[in-house]
Amino acid sequence: ADLSKLQPGDKLDAENAPQIANTPFTLPCELTTAHRDAILIAHGGASTGYALHLSGGKLIWAIRHGKTLTTAQTDYPADNQPHRITTTLGPKGQLTLQLDQNAPVTATSPGLMRAQPKEDFCLGHDNKVPVAIYTAKGKFEGKISDLAIR
C-alpha cells in the first residue's frame with residue numbers, strides 16, 4: 001500500500017496493511033500539529049502492534065508484544081510547525097525514535113513482531129482495541145505527510 005496517499009482519518013484493512021511480521025522496519029513521516037495529545041499512527045491491538053502518538057507533549061513510539069508494551073519517547077514541540085519523525089523497529093527489537101536532527105531515543109522490546117497485527121492500519125486514530133495507552137480525546141487535527149514504511 002502507498003501510505004503517502006493516506007490522510008488523517010483513513011485506514012487500511014488488516015489484509016492491506018504493511019506486512020511487518022518477523023521483519024525490521026522503519027516508519028518515517030512529517031508531522032505538523034499544535035496538539036499535545038493525539039493518536040498519529042496505530043496498527044494492531046492488545047496482543048500485537050505498534051503506535052505513534054502524543055501524550056502530554058511527549059512523542060511516543062510504542063510496540064506491543066502481548067501484555068508487554070515498550071516505548072521510546074521524547075519531548076514534542078507543539079508549535080504547529082513541520083517536524084520530521086523517524087521510527088524504527090530493529091532486527092533485535094530495538095526501538096528508535098528520532099525527532100528532526102535530535103539524537104535518537106532508544107528502548108529494547110522483546111523482539112520483532114512475531115505475527116502480523118490482526119487489526120487495521122489507522123492514520124490519526126485507532127479504530128478498534130488500542131495498541132498503546134492514549135491520552136488523546138477526539139479527532140486528530142494536523143497534518144501527517146511523507147509517510148512510508150521500509
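This report walks through the fold, the surface, an aromatic cluster and one threonine of a predicted model.

## Ground rules

Since the model is predicted, local features need pLDDT of at least 70 and side-chain atom pairs count only at pLDDT 80 or more, while totals for chains, interfaces and linings use all residues. Numbering starts from 1 along each chain as its sequence is written, and side-chain values use heavy atoms, with hydrogens and water left out.

## Overall build

The protein chain has 11 strands and 0 helices; both are DSSP runs numbered from the N terminus, with helices being H or I of at least four residues and strands E of at least two. Read along the sequence, that gives β-β-β-β-β-β-β-β-β-β-β.

For 150 residues, a compact globule would have a radius of gyration near 15 Å, and the 14 Å of the protein chain agrees (taken over C-alpha atoms; the rule is 2.2 Å times the number of residues to the power 0.38). The C-alpha atoms fill a box of roughly 35 × 30 × 25 Å along the principal axes. Take contacts (heavy atoms within 4.5 Å) between residues at least 6 apart in sequence: 64% of them join residues at least 24 apart.

## Surface and burial

The accessible surface comes to about 7100 Å², with 49% belonging to carbon and sulfur atoms (Shrake-Rupley, 1.4 Å probe; for residues, only the protein chains shown count as cover). Buried residues make up 48% of the 150, where buried means under 20% relative accessible area, exposed over 50% and partly exposed in between, with a 1.4 Å probe and protein chains only.

## The aromatic cluster

A search of the whole structure turns up 3 aromatic pairs. Rings of Phe, Tyr and Trp (its six-membered ring) pair if their centres lie within 6.5 Å; planes under 30 degrees apart are stacked, over 60 edge-to-face and the rest tilted. Phe25 and Trp61 have ring centres 6.2 Å apart and planes at 85°, so they sit edge-to-face. Phe25 belongs to strand 2 (residues 25–32) and Trp61 to strand 5 (residues 58–65), so the pair ties together parts 36 residues apart in sequence.

Both partners are tucked away: Phe25 counts as buried at 3% relative accessibility, and Trp61 does too at 0%. Together with Tyr50, Phe25 and Trp61 form one aromatic cluster.

## Thr32

Strand 2 also holds Thr32. With a relative accessible area of 17%, Thr32 is buried. Leaving out residues up to four places away in sequence, Thr32 touches Tyr76, Asn80, Gln81, Pro82, Phe140, Gly142 and Lys143.
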